[in-house]
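Q: I would like to learn how to read packing features from a model. Can we take them one by one?

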Amino acid sequence: MRMGLDAAPQTRHADRVTQLPATHPYLADLDAEARGWNTLVELVRSLTPEECEIPGYYVDPSWSVRDVMGHIGTWLAEAGVQFEQIRAGTYEGHDVDIDGLNAIFLEAMRGQPWAVAWTQANAGRTRMRQAWRELREPSEEAAWWIRKSAVDHYDEHLDRLREWVGEIKGQRSDPGR
């Protein structure tokens, strides 16, 4: 059974998936983010909600697909806040304790059911993209948040997610595992 929880509609064009003027400073990055997100979504949607809660994506600490999507979603939400601050001129720089934020975000999502983690990830992404599209001038600070929260962040998790989804699907045909 495929998941009934929907992400943003997946309208794909040959190379361009984002509907913005060709002169937008982040058009290529927004397209790269959309392609990465669509890859994540395709993998996640191939599982049932119950399978998304099976631990094993990471072992120590134990993570499931729910945990990785909660992790990604919280980083996307944080990037949205940072983009809003950049646009408003109140951004204070990205002297960020990544491990500290990871711990805070993990604790915030701990024990949440799959539907909450999935909804939060989609909402975080939607808000992040809204704030990102409102940026009219390129900046190194925005580029850092783009890489950290989205484009490069997806890449950091995709290989293991592919492996883990394959392992879970393999258990479907071998229930004795």
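Q: Which residues line the largest cavity?
A: Start with the general idea. Rolling a probe the size of a water molecule over the atoms shows where empty space is left. Now the case here, in a model that is predicted. The lining of the largest cavity consists of Trp63, Asp67, Gly70, His71, Asn102, Phe105, Leu106 and Met109.

Q: How many cavities of 30 Å³ or more does a search of the whole structure find?
A: The search finds one. The space in the largest cavity comes to about 50 Å³.

Q: Which helices each supply at least two residues of that lining?
A: They are α2 (65–88) and α3 (98–109). The largest share comes from α3, with four residues.

Q: How do the lining residues of the largest cavity divide by class?
A: Four are nonpolar, three are polar and one is charged.

Q: Next, helix pairs. At what angle do α2 and α4 pack?
A: Read the angle between the axes, then the distance. For α2 and α4 (residues 114–133), the angle is about 25° and the axes are 7 Å apart. Angles under 35 degrees count as roughly parallel. Therefore α2 is roughly parallel to α4. The crossing of this pair is left-handed.

Q: Which residues of α2 and α4 meet?
A: From α2 come Val65, Arg66, Met69, Gly70, Gly73, Thr74, Leu76, Ala77, Ala79, Gly80, Phe83 and Glu84. From α4 come Trp114, Ala117, Trp118, Gln120, Ala121, Gly124, Arg125, Arg127, Met128, Ala131 and Trp132. By class, this contact of α2 with α4 holds 13 nonpolar, six polar and four charged residues.

Q: Can we zoom in on one residue? What does Gln120 touch, beyond residues up to four places away in sequence?
A: Gln120 sits in helix α4. Its contacts are Met69, Gly70, Gly73, Thr74, Ala77 and Met109. Take Gly70, which also belongs to the lining of the largest cavity. Gln120 and Gly70 are 50 residues apart along the chain, with 7.0 Å between their C-alpha atoms. Met109 is another residue of the cavity lining.

Q: How do the axes of α1 and α6 cross?
A: Helix α1 (residues 27–45) and helix α6 (residues 151–173) have axes that come within 10 Å and cross at roughly 20°. So α1 runs roughly parallel to α6. Their crossing is left-handed.

Q: Which residues make the contact of α1 with α6?
A: On the α1 side they are Asp29, Ala32, Glu33, Gly36, Trp37, Thr39, Leu40, Leu43 and Val44. On the α6 side they are Val151, Tyr154, Leu158, Leu161, Arg162 and Val165. Ten of the residues in this contact are nonpolar, two are polar and three are charged.

Q: Is the crossing of α5 and α6 left-handed or right-handed?
A: Begin with the geometry again. Helix α5 (residues 140–149) packs on α6 at about 20°, with the axes 3 Å apart. Therefore α5 is roughly parallel to α6. The crossing is right-handed. Ile146, Arg147, Lys148 and Ser149 of α5 make the contact with Val151, Asp152, His153, Tyr154 and Glu156 of α6. The classes are three nonpolar, two polar and four charged.

Q: Last, the backbone. Is the peptide bond from Asp60 to Pro61 cis or trans?
A: The general idea first. Most peptide bonds are trans. The bond from Asp60 to Pro61 is cis, and its omega is near 5°. Pro61 lies in the loop between α1 and α2.

Note on methods: Residues numbered from 1 in each chain as written. Predicted model: local features only at pLDDT ≥ 70, side-chain atom pairs only at ≥ 80, totals over all residues. Heavy atoms only, no water. 1 Å grid on protein atoms, 1.4 Å probe; cavity = no way out; pocket = protein on both sides within 12 Å on 5 of 7 lines; lining within 4 Å. Points joined across faces, edges and corners; volume = space filled by probe spheres on them. Nonpolar A, V, L, I, M, F, W, Y, C, P; charged D, E, K, R; others polar. Axes fitted to C-alpha atoms, helices over the stretch in contact; angles between N-to-C directions. Parallel < 35°, antiparallel > 145°, perpendicular 65-115°, else oblique. Left-handed = near helix turned anticlockwise from the far one by under 90°. Contact = heavy atoms within 4.5 Å.
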